[in-house]
Amino acid sequence: MLDIKLIRDNPDRVKERLATVGVLETDVDALLNSDRVRRARIREVEALRAERTTRSKEIRKISDPTERDSAVRSMRALGERVSQLEKQLAQEEEDFQQRLLELPNLPHPDVPVGKDEDENVVIRTEGKPPTFVFSPRPHWELGEALGIIDFARGVKISGSRFYILKGLGARLQRALINWMLDLHVNEHGYTEVYPPVMVKQDCLVGTGNLPKFGDNLYRDIEEDFWFIPTAEVPVTNLYREEVIEPGQLPVYHVAYTPCFRREKMSAGRDVRGIKRGHQFDKVEMVKFVEPSHSDAELLALVDNAEEVCRKLNIPHRVVQMCTGDLSFVAACKYDVEMWAPGCAEWLEVSSCSNFRDFQARRAKIRYRPEPGAKPELVHTLNGSGLALPRVVIAILETYQQGDGSVVIPDVLRPYMGGQEKIDRAS
RNA sequence: GGAGAGGUGGCCGAGUGGUCGAAGGCGCUCGCCUGCUAAGCGAGUGUACGUUUAACCGCGUACCGAGGGUUCGAAUCCCUCCCUCUCCGCCA
């Protein structure tokens, strides 16, 4: 959420920058108008309430019953007027909130301006794509042939976009989870958390998934439980409505959770393999930092994600999103993509964003810069570290052998009981 | 899920219709005093929104778990919900 005062004071600058992420000027004007209406109503209501208080206090001093009675009678009208206007104010207040909540973040000034994903910028590429003396196969063929991915039974149990990992396939994913968590905890300074994967609606408003993107979420119909689309949601909300005391920042958290997404919008896209499912696992890094550090913290976050690629020895590249491809909440965003030689594409395995104070304002996450000082909004950031299915894809396709077996990357072997390869026999 | 108790400021805790943003205590901040420390004395000490301002101050309104209602007026009365604790039930 943007600061309404910023929009009020610099409407033209805000419009100009929001235009680069596709927001119409008329939307901003509608918001500003709604703000004006609401503030005028506040003045009106508060003046009447002040009058009510003063006159009520006078009533108790009136001892003559007739006089008192007529005073009460005339006050009754005022009371009704107040409650009528309060209802109107509540509506106008809601209209304003809704508009403000649906306005995306301002892009960071350094973000390249562009229309859509075609104008994203590849920042760097690390590692060389592997060469094969045979033609590399996609993971859905490898996985099925090895008996470690079962698509048919996934569909039987839960429908399309579900699959079963089996045997060493399941173990490979589990090894990755444990190894990545250990890496971020031991070498990158993150504190592990195990959060709920069902959360209250407020959490999703805090991170910016609601009110606008509810159609990509699963929820319980009886209670206020929403299934998280990413660990970012519960972990960011950990400090909702809290003031982080001096000396506590930066706070780094890493969490492993399953993630649930309806993927309604992308029906028909990426249907083959395990690239895009309704349920997938992810290790997620979340940072809470002082505003002046957030730019540097984003670069460090990206590097933490890249480190996973490096240690697995899988080529990767870093892509900066242009204004047109920024998410609703991000001020600046980099994707880390791994090369998958079997399906011959770059797979997004991590998305690292600086939200600046956009989420913090929604979720009221603040910090105290100095003892006794006024609380200020923190900056929040997060990035995958990494998304499991796509890393599994990249490993299977990168480490595949001519005989259809797959060699296990060195760093994972201790997490797989010393196992060195996956083949049909195992 | 059932029965009971309870939710008031940073913390403890009083308050059952107006003089209550809320006694008292603790904590904290500032000042005084004290040759260190401790004690003592005095003053101050919530948040949000609106208004005004360069900014502060000031002024107004709201906030006593949340929402709704009664009333001229609600922390206080009524209704609904949430949460915590104790006991029982169930359960990985």
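Guide: The whole structure holds 32 salt bridges, a salt bridge being a side-chain nitrogen of Lys or Arg within 4 Å of a carboxyl oxygen of Asp or Glu. This is a predicted model, in which local features need pLDDT of at least 70 and side-chain atom pairs count only at pLDDT 80 or more, while totals for chains, interfaces and linings use all residues. Residues are numbered from 1 along each chain as its sequence is written, and side-chain values use heavy atoms, with hydrogens and water left out.

One of the salt bridges joins aspartate 35 to arginine 8, at 2.9 Å from N to O. Because aspartate 35 lies in helix H3 (residues 25-59) and arginine 8 in helix H1 (residues 4-9), the pair ties together parts 27 residues apart in sequence. Helices are DSSP runs of H or I with at least four residues, numbered from the N terminus. Aspartate 35 is buried, at 0% relative accessibility, whereas arginine 8 is partly exposed at 26%. Buried means under 20% relative accessible area, exposed over 50%, and partly exposed in between, with a 1.4 Å probe and protein chains only.

Helix H3 also carries arginine 38, which pairs with glutamate 93 of helix H4 (residues 65-101), 55 residues away; their closest N and O atoms are 2.6 Å apart. Arginine 38 is buried, with a relative accessible area of 14%, and glutamate 93 is partly exposed at 24%.

Aspartate 410 and arginine 413 meet at 3.6 Å, N to O, and aspartate 410 is exposed at 58% relative accessibility. Elsewhere, salt bridges that share partners connect Arg124, Glu126, Glu187, Asp303, Glu306, Glu307, Arg310 and Lys311 in one network.

Definitions and conventions:
Chains lettered and ligands numbered in written order. Helix = DSSP H or I, 4+ residues; strand = E, 2+ residues; numbered from the N terminus.
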